[in-house]
Amino acid sequence: MKSHSTSFDNIAISNPKLYKAPKASQESRVFPYYAGYSSEFSSNILSTLKPTRNALVFDPWNGSGTTTTSAYSQGFDCIGFDLNPAMVLVAKARLLSPLERPSLISIAKSLIDQSQLSIGALTISDGEPLLKWFNTGSTVALRNLETRINNLLISNGTYIQLNNNKAMDQVSSLAAFFYVALFRTTRKLLLDFIPSNPTWVKQPKTKLNRKRPSQSTIYTVFLDEIRSLSLLYGLNDFKSREADSTVCLKIGNAENIALNNESVDAIISSPPYCTRIDYAVSTAIELAVIRCEQSDFDTLRRGLTGTSTVQRIAPTLESKWGSTCALFLERLYNHQSHASKGYYFKNHLQYFSSLSRSIEEISRILKHGSPCFLVVQDSHYKEVHNDVPTIVTEMASHSGLTIVRRDDFKASRSMVDVNLKSKKYLNTRNTTESVLCFQKN
Ligand SMILES: C[S@@+](CC[C@H](N)C(=O)[O-])C[C@H]1O[C@@H](n2cnc3c(N)ncnc32)[C@H](O)[C@@H]1O
């Protein structure tokens with residue numbers, strides 16, 4: 001890819017928001033990840049960057065894998081990292097070849113048959129995360145189905161926990177597809193616990209309020225999900241692709257990217273929002289399905305950029321974060337409202353520290369002259385504007401990334417809207433989603 005000769009003005013940048021995408025393409029999503037951007041957005045950019053052999057596209061916050069799916073289907077080599085193993089599975093599932101479609105139902109039926117045969121043999125541990133929502137009988141049935149997927153399609157008989165890259169490397173798109181079908185099944189069975197805020201899952205107040213779907217209901221919902229998912233394969237996300245392009249999807253930290261210096265030709269990504277939306281909490285169901293017990297869940301949650309948790313010792317403000325960030329943090333610190341000097345100050349220091357480290361890493365791995373597109377949303381702390389796009393631009397400039405183009409899209413709906421308490425300070429939020437295009441110096 002001759003990225004340095006690309007004219008950035010000619011690149012087609014569409015509104016990244018998913019709800020702006022045509023309805024058909026929203027319906028064709030394998031997993032309803034609220035944090036994603038539309039595949040039209042990443043595909044449009046990629047179609048104006050001409051792929052040459054071995055051109056490598058990377059997304060350090062790959063989420064549901066929109067960038068990697070678009071890149072792979074356009075013949076680019078691609079790599080996507082995300083710290084959340086559940087999202088790595090979703091990104092893998094999106095790469096399932098349409099050629100696998102005819103066998104999906106028969107594989108599902110054989111998973112169900114094997115589950116029925118082995119249901120009595122399974123014991124569940126005290127730390128079993130599904131017990132938060134389901135009674136013991138339903139938990140056993142779901143766990144049994146999950147164990148069959150793992151044994152039959154990944155581990156050849158000996159269960160492997162999908163919390164590390166050695167295990168993740170063994171997961172084919174086909175195995176990931178069945179995990180995603182089970183994610184969707186579990187989510188559907190828990191609909192009563194999912195509020196309109198997509199980033200939260202309620203828990204039953206007492207054991208008696210736990211869900212108790214029968215084994216046969218679980219199998220019926222699972223088969224229904226397989227049927228609706230298999231209809232999606234063949235739609236726009238899954239076009240035929242270059243036979244020789246490669247894809248690598250792993251658990252990885254954007255603050256410490258496991259790639260060589262100057263090895264990447266283009267980045268398209270969206271860092272976590274600065275709205276205290278907890279990405280681990282929003283995927284608590286999926287993490288429970290892959291047996292992420294409480295202590296691992298807490299560790300993952302604390303490690304994610306944008307977490308609502310705070311460490312005992314916060315990072316200190318650094319001049320390389322830029323003047324806009326420093327001014328915002330000063331105004332936040334001096335705000336009259338409760339905990340501004342404590343929790344909120346620390347929480348924002350953490351966010352900016354993580355963002356700054358990630359941007360340094362992005363710059364390190366990009367080839368000279370190569371482009372990096374970041375979708376970034378501004379937000380507010382009470383009435384104080386948090387101009388994340390400008391802050392990211394200043395951080396990037398400090399790391400050797402020059403801003404060459406910025407496209408702003410007014411968003412009438414944003415992740416901040418899900419935090420109703422924030423409305424006390426502003427009646428109408430004018431949120432802007434910015435697509436920042438950088439070039440590595
Ligand atoms: C805004 S979402 C990206 C959505 C993605 N563009 C899509 O279309 O689905 C940000 C993602 O960053 C991940 N994340 C948060 N902190 C991370 C970190 N330090 N390293 C890698 N991924 C991280 C979250 O799990 C989340 O999936």
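A search of the whole structure, which is a predicted model, finds 10 aromatic pairs. Two of the pairs are set out in the table below.

| Ring pair | Distance between centres | Angle between planes | Class |
|---|---|---|---|
| Phe177 and Phe178 | 5.1 Å | 85° | edge-to-face |
| Tyr344 and Tyr381 | 5.2 Å | 50° | tilted |

The planes of Phe177 and Phe178 stand at 85°, so this pair is edge-to-face, the class for planes over 60 degrees apart. Both Phe177 and Phe178 are buried.

The planes of Tyr344 and Tyr381 meet at 50°, so their pair counts as tilted. Tyr344 is buried, as is Tyr381.

Ring pairs also join Phe31, Tyr179 and Phe183 into a cluster.

Over the ring of Tyr159 sits the charged end of Arg291, 3.5 Å from the ring centre. Over the ring of Phe193 sits the charged end of Lys211, at 5.9 Å from the centre.

The second topic is the sheet. Seven strands form an open sheet with mixed pairing, in the order S3-S2-S1-S4-S5-S9-S8. Its edges are strand S3 (247-251) and strand S8 (401-411), each of which pairs on one side only. From one strand to the next, the twist averages 15°.

Strands of a sheet pair through backbone hydrogen bonds, in either a parallel or an antiparallel sense. The pairing of S8 with strand S9 (residues 431-440) is antiparallel and extends over 10 bridges. Within it, Arg405 stands opposite Cys437 in S9.

Helix H15 (residues 388-398) packs on the sheet, where it touches strand S5 (371-377), S8 and S9. The direction of H15 makes about 15° with that of S9. Helix H3 (residues 66-73) lies across strand S1 (56-59), strand S2 (77-82), S3 and strand S4 (266-269). Relative to S2, helix H3 runs at about 170°.

Conventions. Residues numbered from 1 in each chain as written. Predicted model: local features only at pLDDT ≥ 70, side-chain atom pairs only at ≥ 80, totals over all residues. Heavy atoms only, no water. Pairing = 2+ DSSP bridges. Helix = DSSP H or I, 4+ residues; strand = E, 2+ residues; numbered from the N terminus. Axes fitted to C-alpha atoms, helices over the stretch in contact; angles between N-to-C directions. Contact = heavy atoms within 4.5 Å. Phe/Tyr/Trp six-rings, centres within 6.5 Å; stacked < 30°, edge-to-face > 60°. Buried < 20%, exposed > 50% of the residue type's maximum accessible area, 1.4 Å probe, protein only. Lys NZ or Arg CZ within 6 Å of the ring centre and 35° of its normal.
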